[in-house]
Amino acid sequence: MRWALSDSNSKRRRLPESGQWPDKLMVPAIIAAAVFSTAGFLDAMLRVGPVNGASVNGFALIGGQVVDHVQLLSQKIFYFHMPVAIVSFVLLVFAAYYCVRYLVSRELRFDTCAQVAMEVSLLFVILTMVTGDLWTRFEWGVWWTWDPRLTTYLILMLIIIAYFILRNAVDEPERRATYCSVIGVIAFVDVPICFMITRLIPSSLHPVVTRQGGMTGDMAAALALCLIGMLLVGFVLYRARFAQVRVDQRVQALKDELALFEEEGRAGAGSADVWPFSDAPLAAEPHTQPSGED
Amino acid sequence: MDPILADIYSTIVPSAPYLIGAYALLWCALLAFILVIVRHVRKSEKQLVLLEEEVADLKAARAQRGVAGDAPADGGQE
């Protein structure tokens with residue numbers, strides 16, 4: 001019995017919880033995210049020149065350099081659009097990992113982790129869509145086109161939205177977690193499809209960096225700074241939201257415990273004991289102690 | 001402006017609103033998400049403290065009553 005308790009405790013310790021070591025990295029991560037994002041933004045805007053578009057009939061001398069192509073400022077959306085998309089993919093990978101962990105262990109904490117990862121991922125997916133749409137509107141003249149990359153990414157967003165619709169539709173925690181875990185894994189399957197679709201269908205209009213000759217060193221540096229900044233922002237948002245959800249779960253567990261007290265108090269109202277702190281009398285110990293672990 | 005230079009910069013000014021819009025929306029959405037989380041956590045933590053106090057009071061009172069219940073039945077008559 002002692003062994004069983006100790007084993008159970010060690011298992012509990014292994015479960016993700018707010019206040020564990022990743023939370024100790026929150027403050028440095030916030031500072032680093034601000035520094036990298038700002039540095040990336042300034043680098044992209046001030047140091048990296050606008051990308052050359054189509055050539056024009058003539059040339060001009062600008063800053064001692066001969067320029068003979070249209071300058072594309074809208075391309076600078078790319079420095080945050082791509083990192084935001086990458087972070088959404090990374091979060092979906094984590095969500096799928098926790099979904100699989102739940103399906104294997106049936107431990108509801110993993111379902112909570114997957115839910116939080118999906119939420120933050122949805123935020124990044126929406127931001128990717130919005131920043132991409134603003135670029136599309138200017139470059140292609142339309143808000144939306146059924147380009148393979150855009151379509152697969154839209155499907156990904158719809159799968160994530162379906163995940164939350166399903167989450168709200170099922171009341172029983174175990175059943176809800178199981179169904180949602182399956183949807184989480186399906187969303188993950190769409191990630192490599194989204195990523196590879198422009199390579200699989202070369203007629204896709206969506207720009208592909210490698211197909212278009214890659215990036216120059218200064219462009220890659222600005223992109224790397226923005227990517228590191230966004231990954232850190234994603235980490236901070238995930239941990240902050242996870243802490244919030246855990247506090248909510250503890251509040252709910254305490255409310256349930258109080259409700260149980262009052263319910264049992266009412267059941268024992270016929271006895272001589274009268275609860276001194278409430279109108280409802282209390283007669284017995286609660287049958288179950290809410291663990292607050294799910 | 002030199003027509004060639006105007007042609008070279010022809011997309012700079014028209015695309016600026018889209019660029020500014022994309023960055024502004026991105027950071028506004030991220031900040032809004034953080035603010036919502038922080039406000040919600042503060043509210044929940046206040047609630048948590050109150051509930052924990054209430055549960056602790058309930059448990060203490062019940063334990064007290066349990067001790068009194070263990071006393072001999074004729075104890076109060078002496």
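The model is predicted, so to speak of local features a pLDDT of at least 70 is needed, side-chain atom pairs count only at pLDDT 80 or more, and totals for chains, interfaces and linings use all residues. Residues are numbered from 1 along each chain as its sequence is written, while chains are lettered from A and ligands numbered from 1 in the order in which they are written.

**Helix H4 of chain A and its partners**

- The axes of H4(A) (residues 78-105) and H5(A) (residues 108-139) come within 8 Å and cross at roughly 160°; axes are lines fitted to C-alpha atoms, for helices over the stretch in contact, with angles from 0 to 180 degrees between N-to-C directions.
- That angle makes H4(A) roughly antiparallel to H5(A) (over 145 degrees).
- H4(A) passes H5(A) in a left-handed crossing, meaning that the near helix is turned anticlockwise from the far one by less than a right angle.
- The contact of H4(A) with H5(A) has 21 nonpolar, 7 polar and 2 charged residues; Ala, Val, Leu, Ile, Met, Phe, Trp, Tyr, Cys and Pro count as nonpolar, Asp, Glu, Lys and Arg as charged, and the others, Gly among them, as polar.
- H4(A) also meets H7(A), with axes that come within 8 Å and cross at roughly 145°, again in a left-handed crossing.
- Residues making this contact include Phe89(A), Leu92(A) and Cys99(A) of H4(A) and Gly184(A), Phe188(A) and Phe195(A) of H7(A) (in contact: C-beta atoms, placed from the backbone, within 7 Å).
- By class, the contact of H4(A) with H7(A) has 15 nonpolar, 2 polar and no charged residues.

**Helix H6 of chain A**

- With 22 residues (148-169), H6(A) should span 32 Å at 1.5 Å a residue, and its end C-alpha atoms are 31 Å apart, which agrees; the expected span is 1.5 Å times one less than the number of residues.
- Among the buried residues of H6(A) are Arg149(A), Tyr153(A), Leu156(A) and Ile160(A) (buried: 20 or more other C-beta atoms within 10 Å of a residue's own, placed from the backbone).
- H5(A) and H7(A) (173-200) are included in what covers these buried residues.

- Chain B has 2 helices and 0 strands (DSSP runs numbered from the N terminus: H or I of at least four residues for helices, E of at least two for strands).
- Of its 78 residues, 15% count as buried.
- In the contact between the chains, 38 residues of chain B touch 44 residues of chain A.
- H2(B) gives the most to that side of chain B, with 30 residues.
- By class, the side of chain B that touches chain A has 23 nonpolar, 7 polar and 8 charged residues.

Definitions and conventions: A residue is buried if 20 or more other C-beta atoms lie within 10 Å of its own, exposed if 12 or fewer, and partly exposed in between; C-beta atoms are placed from the backbone. Angles under 35 degrees count as roughly parallel, over 145 as roughly antiparallel, 65 to 115 as roughly perpendicular and the rest as oblique. Two residues are in contact if their C-beta atoms, placed from the backbone, lie within 7 Å.
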